[in-house]
Structures are given as structure tokens and as C-alpha cells.
Amino acid sequence: MKFEGSDQYIATADLMLAVNAARTLQRPLLVKGEPGTGKTMLAEEVAQALGIPLLQWHIKSTTKAQQGLYEYDAVSRLRDSQLAGIEGSEKVRNIENYIVKGVLWQAFEADQPVALLIDEIDKADIEFPNDLLREIDRMEFYVYETRQLIKARHRPLVFITSNNEKELPDAFLRRCFFHYIKFPEAETMQRIVDVHFPGLKKELLAAALKTFFEVRGLPGLKKKPSTSELLDWLKLLLAEDISAEALRSPDERVSIPPLVGALLKNEQDLTLFEKLVFMQRHNR
């Protein structure tokens, strides 16, 4: 069964091809792209479309690779050994009671194939990807405390997302199939909006998309608005009953759109945009 998109996720042909290529090669799919372009949602929708469970591991700056495998809770074992009576001593002697399984272990021991999302891997320490090389490549790891070799019953479909905050090691990249999600063109964006707002009037949609791409196209923006921010903005326009006319500039010049705070998220970009509008009005 191949991934062919879903009713809730508009996938381009090259993205569907990338997902199916990663499945064929049995390699992790490394997905990059601007924040808000649907990298995380891709794993959710593929899992749903293929009818398999999804396990998620959201990476933070403090996350260690070992946590994805397992953690040995030595502190709890020490505490229990101090407090345990005759009845509790058996629990303390069995070290397996203090092994906390990580997401990778759960994926490896699942009775059926699962999808595994390693989200925003570039947030972690630079050595994080290298620490997972063997486990991702061989689909096995060793538990030293219990002297067990844990092998995957089924190779999971692995999705790895990155926002390019750090460069990933070459050895790690070699083990992945790579895809960059390009920012949607106007036609694709309209299809995405249609999924989320099927009843949106054509006039409002056309005016909103025109304004959105004008804002994105402003040179010098520190942070360009993303797809998710466009959807937030449209939700606000509908909630406040903003008309298409309110978004149109009578002389076709760039104007400050209502509720612009949904699109521009820092004062430098807002100031830059206001200066552009002022200059255009001044040069009439």
C-alpha cells in the first residue's frame, strides 16, 4: 500500500514519492522545510492513511539519545531499597522494575509495524544524531543493566523532522532519504485552505491569498509568515467577519491588512512593513 495523500493533508506528488521511496528503501525519511509547512503533520497523516499506530518523540535541547532507548531509574531503586521491607525486597532485586522503556524500544517491540516520529532533531545536542546511528541502521540496541539485546520485530516507518537549526552529521544523513518541503505555490495553498475552510467565499480567499503572498514577498523580513499562520489569520478573518473589500487596496498598493499580528510576529518585520506602506502612500 502506497501513500497517496489524504483528505486532511494536501501532499504534492514529489512528497508522496519521497514517503514511498523511504518505505521501499527502509530508511528514515528526513523532512526539512520552513516551520509551519506541515512536517510533523505529515507523519500523523501517513500513519492514519496506512492504518498503523504512530509513536512520537518530540526533541528538546536537553534530550539525550539514550532516553529514546530506555532509562535506568537508579534513584527510585535506591529509595525503594531503603524503604522496602521483606515484601518489597523482591521488587528491588529485579532490576527490570526500574527500566523505563523509551519510544524506540516501544516501536521495536510492537506487534505490528508502526510509524515513528522523531520531531525537530536539530534542537538536540550536535552528538544526538550520531548516538542513534547504530540503532536506526541495525534496528537493535543492547540493555547493559539486564544484558538484553533488543531487536525490532518490525522495522518502523521513521520520520525525522528538522528546522535546520543545526547541521546534521554526514554519517547520519547517509542513512536517511531526504526531502525538502517547498513552500506551497498559490494553487497548492488554495487547496490547503479548501481543506480547512471548505465554505470560504472565493472573493475573500482570493483577497486573503493575494495579501498573504504580498507580505511573504516583502524583502528583508526576519520571519516570513507560514502556512499555519495563514490558516490562523483566515480563522480570525471569519470570526471577525472581515470582508474581502477590507483586504483590498483601492490603488492596488500594499496596505496594512487587518489582524496583521497573525502573520508578522516581531516588531522589526512589522516596522519594515509599515515603512513600505508609508513610502508607497507618500509616493502617490
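Because the model is predicted, local features need pLDDT of at least 70 and side-chain atom pairs count only at pLDDT 80 or more, while totals for chains, interfaces and linings use all residues. Residues are numbered from 1 along each chain as its sequence is written, and side-chain values use heavy atoms, without hydrogens and water.

Helix H10 (residues 186-196) packs against helix H11 (residues 202-216) at an angle of about 125°, the axes being 11 Å apart. Helices are DSSP runs of H or I with at least four residues, and strands are E runs with at least two. Axes are lines fitted to C-alpha atoms over the stretch in contact, and angles run from 0 to 180 degrees between N-to-C directions. In this contact (heavy atoms within 4.5 Å), Ala186, Met189, Gln190, Val193 and Asp194 of H10 meet Leu205, Leu209, Phe212 and Phe213 of H11.

The pockets were found on a 1 Å grid over the protein atoms alone with a 1.4 Å probe, as open sets with protein on both sides within 12 Å along at least five of seven lines; lining residues have an atom within 4 Å of a point.

Of the 14 residues lining the second largest pocket, Arg23, Gln26, Arg155, Pro156 and Leu157 are the closest to its centre. Helix H1 and strand E8 (157-162) each give two or more residues to that lining. In the largest pocket, H10 supplies the largest share of the lining, four residues.
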